[in-house]
Amino acid sequence: MTPTTQDLATDLERPAVHLHVGSEKRAGGSAGTHDHIDPSTGQVDRTIPLAGATEVDEAVQIAHTAFSQWRTTAPAERRRLLHILADLMEQNTEEFVRRGTFDNGSTPATVAGLIEKSVEWTRYYAGWADKISSEVTSTFGNDGEFSYTVDQPYGVIGVIITWNGPLISLAMKIPAALAAGNTVVVKPSELTPFTGELFAELVAAAGIPPGVVNILPGNADAGAALVAHPLVKKITFTGGPDTARRILHSCADEMKPVVLELGGKSANIIFDDADLDAACTQGTMMSIAALSGQGCALPTRMLVQDTIYDEVIARVTTLAGYIKVGHPLDPTTVSGPVVNQAALDRILGMIDRAKASGARLITGGSRIGGELADGYYIEPTIFADVDPASELAQTEVFGPVLAITKFSTEEEAIDIANSTRYGLSGYIQTNDLRRAHRVAEKLETGEVLVNGAVNLGVTRPFGGIGISGTGKEGGRLGLQEFLQTKSIGIA
């Protein structure tokens with residue numbers, strides 16, 4: 001059961017955070033501490049320990065030792081333990097909601113929805129643990145050799161996640177890695193430490209052996225040490241392109257493989273035959289309300305056919321007026337703060353430059369003051385007449401800002417949608433199924449969602465192209481990322 005905001009408001013104590021190294025819970029780390037700031041108030045609410053290179057090395061060594069046992073654990077047993085973990089996650093929904101809200105200022109309703117998805121991702125990959133199979137590629141009768149393949153785990157996987165969805169990021173990586181027989185060392189963001197602490201406790205409670213999952217809050221230096229460690233055989237990272245480039249440089253010498261789930265500038269194409277009630281509601285709420293716009297796959301560019309352009313602008317402006325920005329524990333709040341002062345400054349800077357560049361500000365565009373002045377709150381912001389070549393159309397804002405651009409023809413919409421270096425998600429709104437198929441095939445993205453199809457469906461591979469990353473999470477391909485295929489031939 002999801003707790004109400006009234007329930008959450010009665011227990012504001014932030015939990016202690018530890019480094020989880022093997023079977024140990026450590027209260028301190030060699031990299032000192034980090035003051036976690038509540039984005040809803042701008043005040044420090046907990047000081048957390050940070051892992052350094054010393055703890056990273058210890059955790060990797062322990063994970064490497066644990067790998068020899070975990071990889072030979074019966075697949076059915078790995079499945080059983082992951083199902084227990086999923087059950088525990090579901091049973092602790094209320095506590096995950098509380099911690100998720102404290103982590104980054106997301107509303108309880110937003111956090112609860114991501115917890116439900118996280119449970120499903122864990123159960124899905126639990127089911128894959130005993131279904132990893134190989135293929136026979138030749139037989140004695142055909143060419144005198146018997147040949148087959150074997151899919152095997154890598155070993156220690158380095159997991160680095162970002163702050164906007166701390167539990168779903170863990171669930172999109174760890175269950176698949178464990179189902180395949182790997183062990184993991186995880187560096188969650190120091191900005192969102194509370195969710196990872198509970199997850200680590202539930203991993204132990206589920207009976208997963210010590211050392212299989214190690215969770216170490218740390219800063220960028222800890223992440224760099226994890227990436228460079230010679231016993232870490234693969235990296236899976238969720239974050240931004242700049243950090244991803246540094247990871248790729250570090251991995252280059254050893255040819256270490258990576259999965260990179262990065263940013264996006266996803267286009268939401270609204271054709272004039274679309275259901276405008278549904279299209280405008282989804283396009284507005286998912287771009288400037290959900291996660292306060294801090295999501296990689298959100299439809300932050302709205303491309304609207306010229307025959308309905310003015311009507312759509314009027315609709316989204318009206319909808320934006322219903323988005324109440326406020327403290328996440330206020331039961332009337334729809335959207336909370338952005339994550340920190342740096343994000344606030346960056347987003348407001350982009351808004352100011354968009355105003356100066358000639359984009360037409362429809363609504364919002366400022367920091368919210370008054371009783372919210374101490375927190376990191378920004379008005380839901382919509383620009384129209386956005387030049388497809390402008391910064392606002394080409395660069396990920398990662399905040400509550402929607403850019404609207406007009407198009408005339410299907411071909412023009414596709415060209416504008418494909419005009420950025422990103423390629424994570426694409427959205428199509430139309431009642432013409434033939435058009436939906438045509439446009440979906442031509443969009444240069446890792447996924448296309450038509451007429452309200454949900455994000456992060458676990459059975460569907462998720463991952464981008466271009467500077468949106470490489471590799472897949474979700475589906476069979478998400479499991480395969482943590483397996484190496486070996487060919488064996490017998491004469």
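1. Axes are lines fitted to C-alpha atoms, for helices over the stretch in contact, and angles between N-to-C directions run from 0 to 180 degrees. The note below concerns a predicted model.

2. Two packed helices are described by the angle between their axes and the distance between the axes. In this model, helix α3 (residues 75-91) packs with helix α9 (residues 194-205) at an angle of about 135°, and their axes lie 9 Å apart. Angles over 145 degrees count as roughly antiparallel, and 65 to 115 as roughly perpendicular. The pair α3 and α9 is therefore oblique. The crossing of α3 past α9 is right-handed.

3. Which residues of α3 and α9 meet? On the α3 side they are Leu85, Leu88 and Met89, and on the α9 side Phe199, Leu202, Val203 and Ala205. The residues of this contact divide into 7 nonpolar, no polar and no charged.

4. Ala267 has Gly426 in β17 as its bridge partner.

5. Another open sheet consists of 3 strands in the order β5-β6-β20, with antiparallel pairing. Its edge strands are β5 (136-138) and β20 (483-490), and each of them pairs on one side only. From one strand to the next, the twist averages 30°.

6. How many bridges join β6 and β20? Strand β6 (residues 146-153) pairs with β20 in the antiparallel sense over 8 bridges. Ser147 is placed opposite Gly489 in β20.

7. The whole structure contains 28 salt bridges. One of them joins Asp38 to Arg14, with the closest N and O atoms 2.9 Å apart. Where do the two residues sit in the chain? Asp38 is in strand β3 (residues 33-38), while Arg14 is in the loop between α1 (5-9) and β1 (19-21). The two are 24 residues apart, and the pair links distant parts of the chain.

Technical notes:
Residues are numbered from 1 along each chain as its sequence is written. This is a predicted model: local features need pLDDT of at least 70, side-chain atom pairs count only at pLDDT 80 or more; totals for chains, interfaces and linings use all residues. Side-chain values use heavy atoms; hydrogens and water are left out. Two strands pair if DSSP finds at least two bridges between them. Helices (H or I, at least four residues) and strands (E, at least two) are DSSP runs, numbered from the N terminus. Angles under 35 degrees count as roughly parallel, over 145 as roughly antiparallel, 65 to 115 as roughly perpendicular and the rest as oblique. A crossing is left-handed if the near helix is turned anticlockwise from the far one by less than a right angle, and right-handed if clockwise. Contact means heavy atoms within 4.5 Å. Ala, Val, Leu, Ile, Met, Phe, Trp, Tyr, Cys and Pro count as nonpolar, Asp, Glu, Lys and Arg as charged, and the others, Gly among them, as polar. A salt bridge is a side-chain nitrogen of Lys or Arg within 4 Å of a carboxyl oxygen of Asp or Glu.
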